[in-house]
Amino acid sequence: MSADLTDALPLDLSATGLHGSGPTNYFTLHNLPTAQAVALNHFLAGAVVPLEPHRTCANDPIDASRSYASGAATLAWQVGGATIKSISSYSRLADENIGDDDSINLSAFPSHFISRSNTCSEELNVSGSLGPVDAGGRRVLHARRQLYEAALRVPTGDLPAPPNSSLQHEAIGYVTKTYAAFADATWRLSDRLRRLGGVRYSRDEQRVTQDSYMNFGPAVRIATCPLQTNEIAFTSTTPRLGAQYELSAGNNVYATLSKGFKIGGFNPDSCNNQYNPEKLTAYEIGIKNRLFDNILTLNASAFYYDYSDLQLSQVVGLIRLITNAAAAEVKGAELEAVWQPDIHWTINANCRCSTPSTPISPI
C-alpha cells in the first residue's frame, strides 16, 4: 500500500505472511554401529541400518511447522538532489520440528525442536550525486530475540537410561543486536569509465542464557549445563572495490573485489559452545549486455571465492552444531539471459557452474 503524505514524502506499507507444514529432513547413515556401540547399547544388534545413498529406516514421525509474518514501512524524503529513506520493519518466526535422529527402524532418538524469534530493524539510507560522483550511505539498527528448546528422547531405555528419558537443551533468551554503517560511491572518471568503491562497518552483540539437563525417567533430573549467560561481540570492516567500462550503450565489462563477513555465535544445543565468524574474499569479472533494442539481456561472469572459518551445520554425537572448516575455495562461472519479445512475455535462463578446489575439513 502506498500513500503520498506530501509531494516529497511518499509512504509505502507492506506485509507478508506464510505458513507451511510437512516432512523435512531425513537422516542417513554411512557406517554400521561399531562393536563397542553394540556392547553399550544392545538394542543396536537388531537394528536395520541402510547404507545406500538416500535411504533411511526412520520409523518415528517426521514433521515440521513454520509460521512467518512481517511488516515494513518505508518513508522516502526528497531533499534537493538527495533522497533520505527510512525503512522500519518487524518480523516474527515460529518453527517446530519433530524428527527421527537415528535413521534406524527402532525408536532410539526421536527429537523435538521449538524455536521462536522476533526481529526489529531500522535502516536510514541517504543517496544522491555530487558532480561526477554518485554516492550513498546507510545506517542499520537490527535486534533479534530468539527462544529455543530442543529435546532428544530415549523411549527404549537402552543407553543405559530408564525408559522415557530425555536430553533437554534450552536457550531461554538469545538476543542479537547489530549496528552497521555503509557507504558506497561510483566515480565517473570519463564518459565510459567508472570506479566503484564502498565499505561497511558492523558491530554485532550477542547475549544468550542457556541450560541443558538429562531427565532419567520422570523423576530424576541432572543438569549437564547449569543455567548460565554468555556474551560476545563481533566487529568487521568489509570493503568493495571495482571498475566498470562501457563498451557501448547498454554493454559494459567490470571487475570487482569485495570482502564479506558472517557473524559467529553460540550453539544452543551445547553448553558454552562457540563458533567463529565466517569470512569471504570474492573476486569477480564479467560482461553485461542489452541487445536488440533491449529485447535481450545477456550477462556472463567468472568468480573466485576464498573462505576462512567456513560455517558448517553438522550432527556431532547426538547434537546438531554449527562448526567451522579451516578454509574453502570456490571457482565458477555464471551465464544469465532474459528475453522479452513483447510486453506480455519474459523468458529467463540461468546457468551457474562452480567447483570447490579445496577440500572442506572441519576443525
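Colleague: Why is Arg66 called partly exposed?

Modeller: First, keep in mind that this is a predicted model. Arg66 has a relative accessible area of 42%. Buried means under 20%, and exposed means over 50%. The value for Arg66 is 42%, so Arg66 is partly exposed.

Colleague: What makes Arg66 and Asp95 a salt bridge?

Modeller: Their side chains meet at 2.7 Å, N to O. The cut-off is 4 Å, from a side-chain nitrogen of Lys or Arg to a carboxyl oxygen of Asp or Glu. The value of 2.7 Å is within 4 Å, so the pair counts. Arg66 lies in strand S3 and Asp95 in strand S4 (residues 82–100), so the pair ties together parts that are 29 residues apart in sequence.

Colleague: Is Asp95 buried or exposed, and how do you know?

Modeller: Asp95 has a relative accessibility of 13%. Buried means under 20%, so Asp95 is buried.

Colleague: How many salt bridges does the structure hold?

Modeller: There are six salt bridges. One of them joins Arg240 and Asp184, at 2.7 Å from N to O. Arg240 lies in strand S9 (residues 220–248) and Asp184 in strand S7, so this pair ties together parts that are 56 residues apart in sequence. Arg240 has a relative accessible area of 28%, so it counts as partly exposed.

Colleague: What makes Glu205 and Arg203 a salt bridge?

Modeller: The N to O distance is 2.9 Å. That is within 4 Å, so the label holds. Glu205 is partly exposed at 29% relative accessibility. Arg203 is partly exposed too, at 32%.

Colleague: Let us turn to the rings. Why is the pair of Phe303 and Tyr305 called stacked?

Modeller: The structure holds three aromatic pairs. In the pair of Phe303 and Tyr305, the ring centres are 4.9 Å apart and the planes are at 25°. Rings pair if their centres lie within 6.5 Å, and planes under 30 degrees apart count as stacked. Both values pass, so the pair is stacked. Phe303, Tyr305 and Tyr307 form one aromatic cluster.

Colleague: How do you know whether Phe303 and Tyr305 are buried or exposed?

Modeller: Phe303 has 6% relative accessibility. Tyr305 has a relative accessible area of 18%. Buried means under 20%, so both count as buried.

Colleague: What makes you say that a charge sits over the ring of Tyr213?

Modeller: The charged end of Arg221 is 3.8 Å from the centre of that ring. The distance cut-off is 6 Å, so 3.8 Å passes. The charged end of Lys288 sits over the ring of Tyr254, 5.4 Å from its centre. That value is also within 6 Å.

Colleague: Why is Thr74 called buried?

Modeller: Thr74 has 19% relative accessibility. The limit is under 20%, so Thr74 counts as buried. Thr74 is in strand S3 (residues 63–79). Leaving aside neighbours within four places in sequence, its contacts include Pro10, Leu11 and Ile87.

Methods: Residues are numbered from 1 along each chain as its sequence is written. This is a predicted model: local features need pLDDT of at least 70, side-chain atom pairs count only at pLDDT 80 or more; totals for chains, interfaces and linings use all residues. Side-chain values use heavy atoms; hydrogens and water are left out. Rings of Phe, Tyr and Trp (its six-membered ring) pair if their centres lie within 6.5 Å; planes under 30 degrees apart count as stacked, over 60 as edge-to-face and the rest as tilted. Buried means under 20% relative accessible area, exposed over 50%, partly exposed in between (1.4 Å probe, protein chains only). A charge sits over a ring if NZ of Lys or CZ of Arg is within 6 Å of the ring centre and within 35 degrees of the ring normal. Helices (H or I, at least four residues) and strands (E, at least two) are DSSP runs, numbered from the N terminus. Contact means heavy atoms within 4.5 Å.
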